[in-house]
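Good morning, colleagues. Please look at the structure first.

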Amino acid sequence: MPPLYQDSQNGLTGSCLCGAVRYSISASRIYNVVCHCTSCRRVTGSSFLTASIYPIDSLTITIADQQYSANPSPAPGIRSYVDPKTDSGKPLTRHACATCSSFLFAYTPLAEQIVSVGAGTMDQVDSWAPDKEQYARNRARWLPEFGEGAKGLRVYLGHPFEVDGDIRP
Ligand SMILES: [Zn+2]
Ligand SMILES: [Zn+2]
């Protein structure tokens with residue numbers, strides 16, 4: 001596992017577009033990531049995904065006044081899709097709100113102790129900035145470099161867990 005970052009984002013909260021699914025996070029992030037992989041582009045309908053990686057036991061999900069632990073088995077009100085065509089080759093379980101389809105969480109068998117949370121669903125998204133940029137080999141050609149506002153950003157051609165390192169000089 002990468003080292004834990006110290007940050008000021010303890011007490012994060014968020015929700016899907018319709019508000020049926022709310023969540024809170026009680027730990028510091030492990031890292032924030034921009035992902036350019038083809039699966040993330042399709043699931044977001046956008047050019048890249050922004051997400052934050054947290055310890056799985058720090059995420060509490062609230063749906064219709066019931067609380068649930070983060071889990072690859074979806075709570076009622078959450079729709080699950082196991083994506084078999086990831087660029088890493090490992091199936092990724094993605095969770096979305098069953099009502100409004102907002103992408104919320106993802107779980108990977110590469111690391112069962114973490115959960116990925118869609119950064120655009122966070123109430124505090126204004127203070128979000130990436131620590132890592134992954135699958136940069138798929139980066140849209142029109143995108144500018146993420147330099148300003150993303151200090152210390154590390155860039156990976158593939159997935160950081162593949163340990164191909166920061167590609168920049
Ligand atoms: Zn919703
Ligand atoms: Zn991705």
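**Overall layout**

Read along the sequence, the protein chain follows the pattern β-β-β-α-β-β-β-β-β-β-β-β-β. That amounts to one helix and 12 strands, where helices (H or I, at least four residues) and strands (E, at least two) are DSSP runs numbered from the N terminus.

A word on conventions. This is a predicted model, in which local features need pLDDT of at least 70 and side-chain atom pairs count only at pLDDT 80 or more, while totals for chains, interfaces and linings use all residues. Residues are numbered from 1 along each chain as its sequence is written, and chains are lettered from A and ligands numbered from 1 in the order in which they are written.

The pLDDT is the predictor's confidence in each residue, from 0 to 100. Its mean for the protein chain is 88, and 89% of the residues reach 70 or more. Over residues 1–8, however, the pLDDT is below 50, and this stretch has 11 contacts in the model beyond near neighbours in sequence. By contact I mean two residues whose C-beta atoms, placed from the backbone, lie within 7 Å. Among contacts between residues at least 6 apart in sequence, 51% join residues at least 24 apart.

Let me turn to the sheet. Eight strands form an open sheet in the order S7-S8-S9-S10-S4-S3-S11-S12, with mixed pairing; two strands pair if DSSP finds at least two bridges between them. At the edges are strand S7 (78–83) and strand S12 (154–155), each pairing on one side only.

Which strands pair with S8? S7 and S8 are antiparallel over six bridges, with Ser80 the bridge partner of His95 in S8. On S8 and S9, four bridges join the two strands, again antiparallel, and Ala96 stands opposite Phe103 in S9. S8 and S9 form a hairpin with five residues between them, and Ser101 in the turn has a positive phi of about 70°.

Is S8 enclosed or open? Five of its six residues are buried, so S8 is largely enclosed by the rest of the structure. A residue is buried if 20 or more other C-beta atoms lie within 10 Å of its own, exposed if 12 or fewer, and partly exposed in between, with C-beta atoms placed from the backbone. Buried residues make up 32% of the 169 residues in the chain.

Beyond its neighbours within four places in sequence, Val21 is in contact with residues including Ile61, Cys97 and Leu104.

Finally, two backbone details. Ala64 lies in the loop between strand S5 (59–63) and strand S6 (66–69) and has a positive phi of about 50° although it is not a glycine. Asp65 is in the loop between S5 and S6 too, with phi near 65°. Most residues other than glycine have a negative phi. Ala64 is exposed, with 9 other C-beta atoms within 10 Å, and Asp65 counts as exposed with 5.
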